[in-house]
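Hi,

Here is the structure I promised to pass on. Could you take a look when you have a moment? My notes follow below it.

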Amino acid sequence: MSAPAIQVLLVTADPQTERQLRLDLSAYTRTRMDLTHRKDLETTLATLATRTFDAAFLDLALPGSHGFDSLHQLHLAARAMPVIVLANSDNETLAIEAVRKGAQDYLVKSRSDARVLSRIVRYAIERKRIEEALRLALARLSASHEQLKATRLQLIQAEKLECIGTLAAGVAHEVKNPLQTLLMGVHYLSSRAGGDEELQLVIREMRDSIHRADLIVRELVTFAGTNHPEKREGSLNAIIEQALHLMRYELIHAHVQVVLDLDPALPSLPLDVNKLEQAFLNLFLNAVQAMPHGGTLSVRTWGQPAGHGVTDARPDGPGPSEVVAEVGDTGEGIPAGKLQQIFNPFYTLKPAGKGTGLGLTVTRRIIELHGGVIEAQNGDSGGARFVARFPLQPQDPYERETNPDC
Ligand SMILES: Nc1ncnc2c1ncn2[C@@H]1O[C@H](COP(=O)(O)OP(=O)(O)OP(=O)(O)O)[C@@H](O)[C@H]1O
Ligand SMILES: [Mg+2]
């Protein structure tokens, strides 16, 4: 079977050039070439919108358009198509400049013959093919580089968190006992202050501050302690239901309606029930706090093949390899550009005294200790959406060696 003909596009308004090229191309019979002729840029671009060519000849002296501009337009319309420019002997310098600007080769009209022409076309096609392969390889290389950078950032982040965890454990230990002493002192003062309103007010403020400091310490302890989960085979659905049960009064009080869509066929997986309950409580609490005038909290779970996009609908395919939990609300959403920062320790947008900024840090840590990932998005119709994915066969999170710098 003979090789398919090479499809060549010829763009020239000069009948003599067209005739000569047709003659030369048909005279060289070793490679069959089909020639399509266009007289101006407009019809050329219209043709390129509907079909592809292996190579094109472009007359730089096309009426109504500048030579380089025609070349540029051809590149835009068919980036992968090699273009050979046709020049008169008096504009050869222009042709060389066109090659610098991306043309594959140039041909001086008066010097063309069948053999030269065929060689130029075949070389141009081959060079363009190599150029395209190089471009693709470069794109792949730069994608891998980006991936590497992201992984490195994740590693740095993980190490930072490990350091914070170690530091937090130490600080929490040192602060817990003095706080207890202070609290006992406040109780004692309160019992001695009797009906002195002003004194009682000062004591109440002291007690509130101590409680707040105690809360931070407790969160730090949890954060530091999240390195050692106690996992047992269980269902994520049960954990979510239990966390919602614990939140029931807050939900009623805040006029938040819960829409549950938990997959009854969700596969079980190794879970630390207490820690995950805390992770979901943090997510639910944030959602309630983001809807001060009420709204809807929706919680979904489903199984899906690993690597399936978090925004995709539930697949109907066989055997899931990861379990996904999605928590959405109808609150104000997360400010643009803050979707990553909200997971950082002590990052809070809540007014002073309202949030410690550790809720999501702890949540992410707990999910990561299950080999999972969590990401925040803003819903299409407003509100925030947190999607957590848990692999059914998690890798051992302790494989990484402890950071000796901590
Ligand atoms: N559902 C949500 N909608 C809008 N913003 C949110 C939501 N969840 C978290 N955020 C933003 O992320 C920030 C960090 O949340 P995170 O839970 O870590 O800390 P916090 O809620 O401020 O304090 P706490 O330690 O008491 O949980 C919040 O201050 C809030 O601005
Ligand atoms: Mg929170």
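By class, the shell around ligand 1 is made up of ten nonpolar, seven polar and three charged residues. Please keep in mind that this is a predicted model.

Let me start with the ligand. The shell holds 20 residues, and those that come nearest to ligand 1 are Asn286, Asp329, Thr348, Lys350 and Thr356. As for secondary structure, at least two shell residues each come from α9 (273–289), α10 (359–368) and β12 (384–391).

Which backbone atoms lie close to oxygen atoms of the ligand? Here is the list, with the distance for each:

- Leu349: a backbone N or O atom is 2.8 Å from an oxygen atom of ligand 1.
- Gly359: a polar backbone atom lies 3.1 Å from an oxygen atom of ligand 1.
- Leu360: a polar backbone atom lies 2.8 Å from an oxygen atom of ligand 1.

On its own, ligand 1 has 600 Å² of accessible area, and the protein covers 92% of that.

Now for the space itself. Ligand 1 takes up the second largest pocket, whose volume is about 1000 Å³. Its lining counts 37 residues, and the closest to the pocket centre are Asn282, Asn286, Gln289, Lys350 and Gly359. Two or more lining residues come from each of α6 (197–225), α9, α10 and β12.

Which element gives the largest share of the lining of this pocket? That is α9, with seven residues.

By class, the lining of the second largest pocket divides into 18 nonpolar, twelve polar and seven charged residues.

Best wishes

Methods:
Residues numbered from 1 in each chain as written. Chains lettered and ligands numbered in written order. Predicted model: local features only at pLDDT ≥ 70, side-chain atom pairs only at ≥ 80, totals over all residues. Heavy atoms only, no water. Near = heavy atom within 4 Å. Polar contact = N/O pair within 3.5 Å; in protein donor to acceptor, adjacent residues only side chain to side chain. Areas by Shrake-Rupley, 256 points an atom, 1.4 Å probe, with all protein chains shown as cover. 1 Å grid on protein atoms, 1.4 Å probe; cavity = no way out; pocket = protein on both sides within 12 Å on 5 of 7 lines; lining within 4 Å. Sits in = over half its atoms within 2 Å of the grid points. Helix = DSSP H or I, 4+ residues; strand = E, 2+ residues; numbered from the N terminus. Nonpolar A, V, L, I, M, F, W, Y, C, P; charged D, E, K, R; others polar. Points joined across faces, edges and corners; volume = space filled by probe spheres on them.
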